[in-house]
Amino acid sequence: RTKLTSLCIAGGVAQNSVANGKITRNTPFTKVYIPSAGHDAGISMGAALYVHNQMLGMPRVPSIRSAYTGSWYSNEDIELFLTGEGVSFKRYDDDDALFDRVSDALINGGVVGWFNGRAEFGPRALGGRSILADPRRQDAKELLNAKVKRRESFRPFAPSILAEQVDAFFEVNDSVPFMEKVFPIRNEKQHLIPAVTHVDGTGRLQSVEKDTNPRYYNLINTFFQKTGVPILLNTSFNENEPIVNSPIEALDCFRRTHMDMLVLENIIIERNHLG
């Protein structure tokens, strides 16, 4: 009816990432935008934007590409907390050294709790409060389920991919910042990333942009330089509970699971050093 080629979807139906990924392949729409919190929690943001534009007459804001609007903790806050808990840790003031250490842990089969920057607004972990693993491992799903998740075998884990590399691995080249679409993974690439390739050859991707989450982007890029794969397995930082928000929740989750490493901003705690 409208002849428009751009579509915005919200509401509970917007959480159906399989359906979302099929729209541009099966309709005249060429661009589909879905907010990070398309479910009921997003009403708060929608109401604020409505007042901003419709009631106050302010210009519309550009489409929101970042979900990182939640709580943030400084290295000093985290150090104070960990010292009070009697936990051994190492602080890296050089980001490159941190990314090097974390990527090595992933390559060696480690499961890493990644607590970085502001928490995400919405149901998906997007590199703010995530658990990470090596997507190349055939046994990554078993490792995660044994160490942390205990989720059903049919439920896939998701790939976080450098935005510039989406076209090389997926049949649809699209911006998917909020992990809200499922696309087919190219046949010739599926064997490279078995841990994030679902049984039907698809993946629910998150395209990671350097400007939006530079630290998460740089970690994935460090892994890419070492392995040739620009992807990390990303799942939510939790264990049968809401996604962790604060350092105390992250440490509690780390303690009661079998994750190998916990990264809190620039601070690393390793399982074999946990008191």
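Predicted model: local features only at pLDDT ≥ 70, side-chain atom pairs only at ≥ 80, totals over all residues.

Colleague: How many residues sit between β10 and β11 in their hairpin?

Modeller: Two residues lie between β10 and β11 in the hairpin. Glu265 in the turn has a positive phi of about 55°. Numbering starts from 1 along each chain as its sequence is written, and side-chain values use heavy atoms, with hydrogens and water left out.

Colleague: How do you define the strands, and when do two strands pair?

Modeller: Strands are DSSP runs of E with at least two residues, helices are H or I runs of at least four, and both are numbered from the N terminus. Two strands pair if DSSP finds at least two bridges between them.

Colleague: In which sense do β10 and β11 pair?

Modeller: Antiparallel, over four bridges, with β11 spanning residues 267-270. Leu264 stands opposite Ile267 in β11.

Colleague: And which way does β4 run against β10, parallel or antiparallel?

Modeller: Parallel. Four bridges join β4 (residues 112-115) to β10. Val112 stands opposite Met261.

Colleague: Are the faces of β10 covered or open?

Modeller: Both faces are covered. Met261 and Val263 are on one side, Leu262 and Leu264 on the other, and all are buried. Buried means under 20% relative accessible area, with a 1.4 Å probe and protein chains only.

Colleague: Zooming out, what is the strand order in the sheet?

Modeller: The order is β3-β11-β10-β4-β5-β9-β6-β8-β7. That is an open sheet of nine strands with mixed pairing. β3 (90-91) and β7 stand at the edges with a single partner strand each, so one side of each has no neighbour in the sheet.

Colleague: What pairs with β8?

Modeller: β7 pairs with β8 (residues 202-208) in the antiparallel sense, over four bridges. Pro184 stands opposite Thr202, and Phe183 opposite Gly203. β6 (residues 158-162) pairs with β8 in the parallel sense, over three bridges. There, Ile161 has Ser207 as its bridge partner.

Colleague: How many residues of β8 are buried?

Modeller: Six of its seven, so to speak "mostly covered".

Colleague: Which helix lies across β7 and β8?

Modeller: α1 (residues 17-26), running at about 60° to β7. Axes are lines fitted to C-alpha atoms, for helices over the stretch in contact, and angles run from 0 to 180 degrees between N-to-C directions.

Colleague: Now Lys181. Is Lys181 buried or exposed?

Modeller: Lys181 is buried, because its relative accessible area is 1%. Its place is in β7 (residues 181-184).

Colleague: What does the side chain of Lys181 make a polar contact with?

Modeller: The side chain of Asp174, at 2.9 Å. A polar atom of the Lys181 side chain also lies 2.8 Å from the backbone oxygen of Val32. A polar contact is a pair of N or O atoms within 3.5 Å; within protein, one must be able to donate a hydrogen and the other to accept it, and residues adjacent in sequence count only if both atoms are side-chain atoms.

Colleague: Last topic: at what angle do α4 and α7 cross?

Modeller: Roughly 55°, with the axes of α4 (residues 95-107) and α7 (residues 214-227) coming within 9 Å. The two helices are therefore oblique to each other. Oblique is what remains after under 35 degrees (roughly parallel), over 145 (roughly antiparallel) and 65 to 115 (roughly perpendicular).

How values were computed: Buried < 20%, exposed > 50% of the residue type's maximum accessible area, 1.4 Å probe, protein only. Contact = heavy atoms within 4.5 Å.
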